[in-house]
Amino acid sequence: MSDEHDEVKVITTCVFWDLEDFVLPDNLNPFYVYRNLLSALKSKGFIGRLKIWFYYGGDLDFTDEIADKYEELHTFFFRLEGDIYEKATRIMRDALLWSVDNPVRDDIPEPANLFIISNKFSGEETKELLSYLQALKSRNYNILLALKEPESCEALLPCVSLEWLWHRILGAGDDVDNTASNLCNKEEELKTANASNLCNKEEELKAANLKILEMEKAQAEQAKVLAQQAKELEYFKNIVFNQFPNLVLPTNPPARDDN
């Protein structure tokens, strides 16, 4: 029977994901995203159980079904409010609180991994917040930032580009040199699909408009015929009443006798 010294601490990697800066399409399978993110972090030496904290502003773009699937994968959703500094501060505060719950000490030598996906820390007004991550790094936390322009913070902390991350989320492997062209291809495919869908919608709209015009024309013709019939009926009624002035027309048609 193993004693407590034989127990292995589960290394935790927590991802703080800013959906305002790195949007995930609703049609991506959450399990696919989770698996590829795990693989991407492993390539950077981040191993262990993965947790994701999503941050969003305004309304969450995920459907309830997709959000439920993400929650099954140890993820949480938090709303960001305020200006860019307040939003960056909220993410940093949660990262520091997480570090308290996942300490790295001499008696707990296994590393804890912290990955922030947000472009809000690249500006001068928020860069001062990175000093907190530098402090964690000095205490043997593994820190990684994903930014649009990683060179803006590379001197301070390990960084990757959002392009690299998107490339890996799509399951494109380690060849980051083709990231830009791959993204362009994806964008062109999306544009082509959207253009095709737009053309189809336009054709459907034209066909529907043509059908409406045909129906309106038929209704106008029918109204014309009914007006002519009413005019003729009035004409013949005048002739009949002139010949038979004492004639009284029934107000109701006679009842039908089915016997």
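How many aromatic pairs does the structure hold? The structure holds 10 aromatic pairs, where rings of Phe, Tyr and Trp (its six-membered ring) pair if their centres lie within 6.5 Å. The model is predicted, so local features need pLDDT of at least 70 and side-chain atom pairs count only at pLDDT 80 or more, while totals for chains, interfaces and linings use all residues. Residues are numbered from 1 along each chain as its sequence is written, and side-chain values use heavy atoms, with hydrogens and water left out.

**Aromatic pairs**

Two of the pairs involve Trp53 and are edge-to-face (planes over 60 degrees apart; under 30 counts as stacked and the rest as tilted).

| Pair | Centre to centre | Between the planes |
|---|---|---|
| Phe16 and Trp53 | 5.1 Å | 70° |
| Trp53 and Phe76 | 6.3 Å | 85° |

Phe16 belongs to strand β1 (residues 12–18) and Trp53 to strand β2 (residues 49–56), so their pair ties together parts 37 residues apart in sequence. Strands (E, at least two residues) and helices (H or I, at least four) are DSSP runs, numbered from the N terminus. Phe76 is partly exposed, at 43%. Ring pairs link Phe16, Trp53, Tyr55, Phe76, Phe78 and Trp98 into a cluster.

**Helix packing**

Helix α3 (residues 84–101) packs against helix α4 (residues 130–138) at an angle of about 20°, with the axes 10 Å apart. Axes are lines fitted to C-alpha atoms, for helices over the stretch in contact, and angles run from 0 to 180 degrees between N-to-C directions. Met92, Leu96 and Ser99 in α3 meet Tyr132, Leu133 and Leu136 in α4 (heavy atoms within 4.5 Å).

Terms used
Buried means under 20% relative accessible area, exposed over 50%, partly exposed in between (1.4 Å probe, protein chains only).
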